[in-house]
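Welcome! Here is a short briefing to read beside the model, going from single residues out to whole chains.

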Amino acid sequence: MSLPLKISAHEEMIGTKRGFSLARREEITGWLFITPMLIGFIVFSFGPILASLIISFTDWDLLQAPKFVGFVNFAKLFKDDYFIQCMSNTLYFVITMVPIILVVAMTLAIILNQNIRGKAFFRSVFYFPSVVSTVAISMVWLWVFSPSDNGLLNTILHKIGVMNTPDWLGNIATVKPSLVLMRTWQSAGYYMVIFLAGLQTISPELYEVADIDGASKWEKLIHITIPLLSPVTFFVTIMLMLAAFNIFEAIYVMTEGGPGGATNTIMYYIYHNGFRLYQMGYASALAWVLFLILVVLTIIQFKLRKEESQ
Amino acid sequence: MNSFKRILIVFLTILLLLPTAVGAPKGKTEVRVMSWWNYLQSKPLQELKSKFEESNPDIELIFDQIPSKYADKVLTVVAGGGDQVPDVMMLAMDRIPQFAKAGAIQPLDSFMTDAYKKSLYPVVFDALTYNGKTYAAARDITSFVMFCNKKLFAEAKVEIPKDGWTWNDFLEIAKKLTKFQNNKAVQWGYYFPKHDDAVFTWLIQNGASYTTPDAKESVLSKPEARQALQFLQDLILKHKVCPTETEAKQFGTDASAAFLAGKVGMQAGGLSMSVALDNNNMDYVMVPLPKGSKQASTAFVNSWTIPRGAKNPQASWKVIEFFSSKEGQQIVLDTKMGLPASKEVDTGAFLKQRPDNKVLVDALSYSIPFQTLEYGAKYYDLSKKNLELVWLGQKSVEEATAEIDQKAQDILAGK
Amino acid sequence: MGNVVKKIKVGRLLLFVMLVAFSITMIYPFLWTIFASFKTTEQLFSGKPLDLIPRPMRIENYKDAWNFVPFGRFLLNTLFIAGFVTLMQILIASMAGYSFARLNFRGKNIVFIMLLGTMMIPGHVTLIPNYVLMRYLKWIDKYQALMIPVIFNSTCVTGMFLMRQYFLSIPKELEEAAIIDGCSRFKAFWTIVLPNTKPALSTFAIIGFNAGWNSFLWPLIVINDVKKMTIQVGLSYFRGVVSSNWGVLLAGTTMAIVPVMIVFLIFQKYFVEGMVTSGFGGK
């Protein structure tokens, strides 16, 4: 008990000399340490979010002065067929990519958490595509999906006898599934590693106890692994949802929103409106509506989780 | 670790400053010219540069390229301000109203002499004007003709089409040039990039157009227009003589990539398309476009402009003046960049170069200039998106044209 | 009993075969790209993509790629920009993470949650205002636009969180002792705490650098000057320049992928095992 006294007496001495108490000094230091990050985020993150709202109330093409138009952009938005189109396209990607990649990643993680020969090799190999940029991967996958016999996918399918191969990226019905396939291939490994990290936190004793009770592999999976992974699953679901909303590079390189607007996602539409048609106000309105949707979705997710854990 | 980090930061800071140190002025005035061509592959640009610098030794021309989505990207550059704003900017005529209205390009009336204005073909002069002011100088004028791949024609034992051939003749020839393998087309008779001017070429051959002459109303629902668009849709979907965009783009992002790869027998284009064909030693011949209800071609004017924010408008004008002068236009013609916009240029040598060059010059006489509209950017965006669904077979021509005309009402009125 | 063992063995074998098959699908596209980058355009369009060997071998593809567009410049630009940004992120985020882990101050939780909340914000909301800001600061087409705003992105927050977790898990006695002896908090942080967080720092560095290397949308809109482009934007630009010369384009793509491949092979364990063991998974 003498130590704290010693500290406080010592500090008190210095403190009173400078007129600051220990707690006060810690407070100042605490703030100082976060100041660089905080200032940066205020300038480049929080500020812009607010600015985006303000811009969404204007009609601005960057070259002339902005004109205040009130809620016109938002009214336009709800009547815009392309907005509805891009929301439904984005929704498609969310509904498909989140569960598919989640299941694939979790499965791979569970498999590679066991004692399999070469598991470090497999882990690395599956993780690798997520490290390469989407732009480079898109160039490669243009060849995978190329129509006619020059495409890798078509050639493989032809070899196993499937002759009637569609124009993957040029056909409205197949373009979205193709992109989902590509993104799953690219990012499943990344989320697999996150699940692996989560699996490390499950204490092996639980499995041993279950073994003693005679639980089968399947039962262990359902009753131990998956429930205990739920914080990670939750985290990954949110990340995947954000990633699905953010799809841009693959579309920019491979399909440019087509064919016929089938891959016109919200991110691409915002880019198109902002940096092709120069409608900064409208693009900002789109961004804000999207932001609100995401906030609502995330709050719903958090609420569901709260209920679940209760 | 402390000192290591310090060294690293110092090192990086030095490298940060390096790029700004390089690029110090050399004593010559630099004029940066932006275009959509690659200087290294463009003999026309190289010629223009060397001839200009001969008579202007104190100016150095540097050519930059924006290879795709030119108009959108270059507008970003101008809007962004800063060092990258070029001194001279190539611009297609359909963008002049949009750029002029937004103040992205500078009016050139104070630089231009009356004599210069009078020396241009009227259609050229109209294209360069907006709201009574002249905003651009002519780069050249292009008429559209049909390019035929002689090798593919010979292989299919089809005769090169002659003047006066009709749409039906065209369709028959296209069918003969299309080859299938395993139920998939590996060679096509005709390809057209789905740009507004390419579609316009077919519209006018049938006596149709995008809008009324005063640009107040969209008239794609008229029967002549619908007929033309239906003909084009059939080429892709019914007769399958024209590849889809994905099929064509696998050979490259350029409009003429599939033709260059020898996979397409015919393609409509202007004189500048022949530059790439010559570079690749293709054996081709040019013939007039087929006749719809009448013989017509599109005249398209490309121009040079001075963007807002150009550092030295005087120097910029010097360059533009040369490019569009009689001497510059002679180079333009001789290097096949395009047909001269100035009436004073001598076409004799050009006509002697190849017999089919005459086709290009003749086409000018029955060319209708491409429609540039004040709200062209939005209008053509609307029509392109709707027509895209037609080319994919997702929408009928009737539906799409009705929708375009209806939605265009607001757009053309400026709302 | 032997039957059960057999079943397990067969099951394991099947699993192994499946994993190998999967691995092949992961690696093959990259392998194909590297081989194809030496092919001529004719061979690429000959309809036999699975024929990997280039005949003839066209090394000029790489020479052409290098000449058409300043690839060396792209790689250098990206190296320095990503390096600088990652360095700054490490400094700033670890300081903040330390503060949240060790120090107490009013408003600490609010600020922490606000910063974490920025991870939920999709990039598009801040895209246009940040672009306008760059324009106003006259940073368009300058390196500053690529280096400063980028520091404060979701990678920074993730890293901050990572560091905080790590700080929470190491004992505070060492630095507390130094502080008692009169050392300033900052000096203690710099000389005692940070050096002990090498695993977390390495993971942060690798992941941050990778994210910077792959960034595309922001450099796309703020940089128009070819000489200042980063590798991903340069690759996309390159596609427009090269158009139909796919062999050359694939050579360029290979040049964009191979550095990453090499770094990955060398630092594999930081990528994978680092993420796994640094407790990054839980939340």
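Lys240(B) sits in the loop between helix 10 (223–238) and helix 11 (245–249) of chain B; helices (H or I, at least four residues) and strands (E, at least two) are DSSP runs, numbered from the N terminus. Please keep in mind that this is a predicted model, where local features need pLDDT of at least 70, side-chain atom pairs count only at pLDDT 80 or more, and totals for chains, interfaces and linings use all residues. Residues are numbered from 1 along each chain as its sequence is written, while chains are lettered from A and ligands numbered from 1 in the order in which they are written.

- Most residues other than glycine have a negative phi.
- Lys240(B) has a positive phi, near 55°, and Tyr278(A) has a positive phi as well, near 60°.
- Lys240(B) is partly exposed because 18 other C-beta atoms lie within 10 Å; the term covers counts between the limits for buried (20 or more other C-beta atoms within 10 Å of the residue's own) and exposed (12 or fewer), with C-beta atoms placed from the backbone.
- Tyr278(A) counts as buried because it has 22 C-beta neighbours inside 10 Å.
- The loop that holds Tyr278(A) runs between helix 13 and helix 14 (280–309) of chain A.

**Helix 13 of chain A**
- All 10 of the 10 residues of helix 13 (residues 266–275) of chain A are buried, so this helix is largely enclosed by the rest of the structure.
- Among these buried residues are Ile266(A), Tyr268(A), His272(A) and Phe275(A).

**Chain A as a whole**
- Chain A contains 14 helices and 2 strands.
- Of its 310 residues, 41% are buried.
- The radius of gyration of chain A, taken over C-alpha atoms, is 26 Å, whereas a compact globule of 310 residues would have one near 19 Å; the globule rule is 2.2 Å times the number of residues to the power 0.38.

**Where chain B meets chain C**
- Here 25 residues of chain B are in contact with 20 residues of chain C, contact being C-beta atoms, placed from the backbone, within 7 Å.
- Helix 1 of chain B supplies the largest share of the side of chain B that touches chain C, with 6 residues.

**Domains of chain C**
- The domain assignment gives domain 1 (2–36) and domain 2 (70–277) of chain C; such bounds come from an automatic or database domain assignment.
- The centres of domain 1 and domain 2 of chain C, taken over C-alpha atoms, are 35 Å apart.

Conventions
Contact = placed C-beta atoms within 7 Å.
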